[in-house]
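Hi,

Here is the model I promised to pass on.

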Amino acid sequence: MNKSRRDFLKKAGMTLLGASGARFVILGIADAEHLPDSGGSGVRRRWAIAIDTEKCASQGDCTACIDACNAEHNIPRIDNPEEEIKWIWKERAKAVFPHQLGNDSPRTLRDREIPVLCNHCENPPCVRVCPTQATWKRDDGIVMMDQHRCIGCRYCIVGCPYGARSFNFRDPRRAIDKLRSDYPTRTRGVVEKCTLCAERLAIGAQPACVEACEATCGAMVFGDLANPDSAIGRLVRTTLTMRRKPELGTEPKVHYKL
Amino acid sequence: MSTARKGADRLFWFLALTGLIAGLVGLWTRLTVGHASANYGSYIPWGLWVSGYIYMIGLSAGAFVMSALVFVFRVKALERIGTLALLTALTTLIGALLMIWMDLGHMDRVWRMVLRTNFGSVMGWMAWLYGAYFVLLLVEFWQAMRLRLVLQADAPGLAGTLCRILTFGNRDASAASRRRDAARLRILGSIGIPLAIAFHGSVGAIFGVVGARPYWNSGLTPIIFLVGALLSGAALLAMVTAIWGPGKEDGDNTAIVVLIGRIILGLLAFDVILEWAEISIGLWSSLPAESASLKLILFGHYWWVYWGVHVGLGILLPALLLLFAGKRASAVGWAGGLIAATFMSVRLNIVIPGLAVPEMEGLRDAFQGPGLSFEYFPSSAEWLLFIFAVSTAALLFLLGKSLLPVVDHDANPDLEPQLQGGPGHVQ
């Protein structure tokens, strides 16, 4: 009896070990092969985006990143700006960096239209305030959102210092230009925001906005900040970049090169 | 009941019923088109409904603490209004919870607040605190009425039947049972005080912890919420007591109302000091992030809400009434009514200006044109739903005071021992 029980535990342990090992191997291969800038150092990833605003502005009214994101995520087109759903959009630089770009800054710099999105903060206030765990920070730093858990209290919108979250005042499914069947739609009464294309990262692709930007001017660089050899790691370490509202201590992971 | 009190009673029945009927339109709109009928948007995501919720929850907390003066601290002069204070606290709590429930984008998912709580969130705690407070209020309300329920169980009519049912078969009116009642009430009230402070302090903390909103982000915010709750709740109770309190004629309850008037005056002074501290420090520092909201309150488009409604009708006029006619029950009742009603402007001036200064400077000219600040005025659907919640609370109160033995108009000496469960009476 004892022997068979011991055998059973041993076999069960071996099976579990094997299964988890296989999972590590599978993930390891997937990570190494597909995900950008993976260092394989075992250090926890910190996905980030750097935006070269000068390059971006050189494209004039380009909205490739916005269009790609909207198409990828079934984002509705709502004309009323107060009810608009925005994952990534453009703002004037002086609005994005009101304290850094004063009236004496170069006009071309102040009036530059630059993309803004969820900053996937290291210390996200939205996660802290959500009463139902509908939003959380993943191990790789992505601030995720599960609309099925969202009760629509809008505390996260109030708590976000960057205005990066939108509330569905109306049924968004009626305002989607071209419905993608492989991405979920949302319902009336929930909050949504950029997820840094977590679903694309899972299959080794870059975020849709970055991919679209690469096809135009390449102003956006995406990668793992935890890896010093990654393109974004090198860029952030060698160039002066700015982040929004650093005084709040949220540690945004979207960097801007002005 | 005197003619004046009867008139006030009829007026409130009329207002509550009319409000409920009109409010049904707001309820229908809310249930059919959701938040699309509201005038707030992604930049000002909270509006009249959230303000209405913190307004009514404050009234509830304040009225409850007044009841604790009776059941915990045994202030004898107020003992005949202890149950009335509990009914006020219970009905305003129901109104508040109704209001905030309607404000949720997904009302059907409210259970997640309890079963999937994020205890790191101040709001996450609220569902638990409200649940505990609601149960405690119900039990304490019943316990406070128990003896009267027993004594009136044989009365004819609907009220008698209701009393009979609510005794739950326990007809014990002995001296021992009354001492037991008093002891239980003291325990329940003692649990209730920290609970009321915790949940209303937490309502303040919901705003106070938001670093993104400098106007709210202060350690003073929960304190201001608490003092405001005490003031508005006590003020409401002054009006309630003046109209429906013990005594059949005007003046029968003057002593009680006058005492509440003195409490209100003290709380009003304290509230003004806190307000002064908040405004003067915020403006003095000249930090645009905070002073922008304050300037919006004082000199913005809706300056009259602060100066006219709050300062004029909610501070100066009641203060004059309390100072110069504070010995007349009707004057104190009016002062209480004015403070309680206009306190909604204080709650609106907390929620809206805190949100009306955008996270990004440029947002304000994104859709309103340069030079204009964020502006919000509730839509008719928002007002109607707010009226629905307030009217529901008012109607529940009116039904409660009519059908349940909440007030002992005849100062029945049989009831006196209920509060004399031990030493510690404060005259």
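How many aromatic pairs are there over all chains? The count comes to 26, where rings of Phe, Tyr and Trp (its six-membered ring) pair if their centres lie within 6.5 Å, and planes under 30 degrees apart count as stacked, over 60 as edge-to-face and the rest as tilted. One of them is the stacked pair of Trp47(A) and Phe222(A), at 5.2 Å centre to centre with 20° between the planes. That pair links distant parts of the chain, 175 residues apart: Trp47(A) is in strand S1 and Phe222(A) in strand S8 of chain A. Helices (H or I, at least four residues) and strands (E, at least two) are DSSP runs, numbered from the N terminus. Trp47(A) counts as buried at 3% relative accessibility, and Phe222(A) is buried with a relative accessible area of 3%. For burial, the cut-offs are under 20% relative accessible area for buried, over 50% for exposed, and partly exposed in between (1.4 Å probe, protein chains only).

Trp87(A) and Tyr183(A) make an edge-to-face pair, because their ring centres are 6.5 Å apart and their planes at 75°. Each sits in a loop of chain A, Trp87(A) between H3 and S2 and Tyr183(A) between S6 and S7, so the pair ties together parts that are 96 residues apart in sequence. Trp87(A) and Tyr183(A) are buried. There is also an aromatic cluster formed by Tyr155(A), Trp46(B), Phe207(B), Trp216(B) and Phe225(B).

Before the rest, some housekeeping. This is a predicted model, in which local features need pLDDT of at least 70 and side-chain atom pairs count only at pLDDT 80 or more, while totals for chains, interfaces and linings use all residues. Residues are numbered from 1 along each chain as its sequence is written, chains are lettered from A and ligands numbered from 1 in the order in which they are written, and side-chain values use heavy atoms, with hydrogens and water left out.

On to charges. The whole structure has 22 salt bridges over all chains (a side-chain nitrogen of Lys or Arg within 4 Å of a carboxyl oxygen of Asp or Glu). Glu83(A) and Arg170(A) meet in one of them, at 2.6 Å from N to O. These two are 87 residues apart, with Glu83(A) in the loop between H3 and S2 of chain A and Arg170(A) in the loop between S6 and S7 of chain A. Glu83(A) is buried at 6%, whereas Arg170(A) counts as partly exposed at 41% relative accessibility.

In chain B, Asp9(B) and Lys401(B) form a salt bridge (3.0 Å, N to O). Asp9(B) lies in helix H1 and Lys401(B) in helix H14 of chain B, so the pair ties together parts that are 392 residues apart in sequence. Both Asp9(B) and Lys401(B) are buried. Back in chain A, salt bridges with shared partners join Glu72(A), Arg180(A), Asp182(A), Arg200(A) and Glu211(A) into one network.

As for chain A overall, it has ten helices and nine strands, and buried residues make up 49% of its 258 residues.

Cheers
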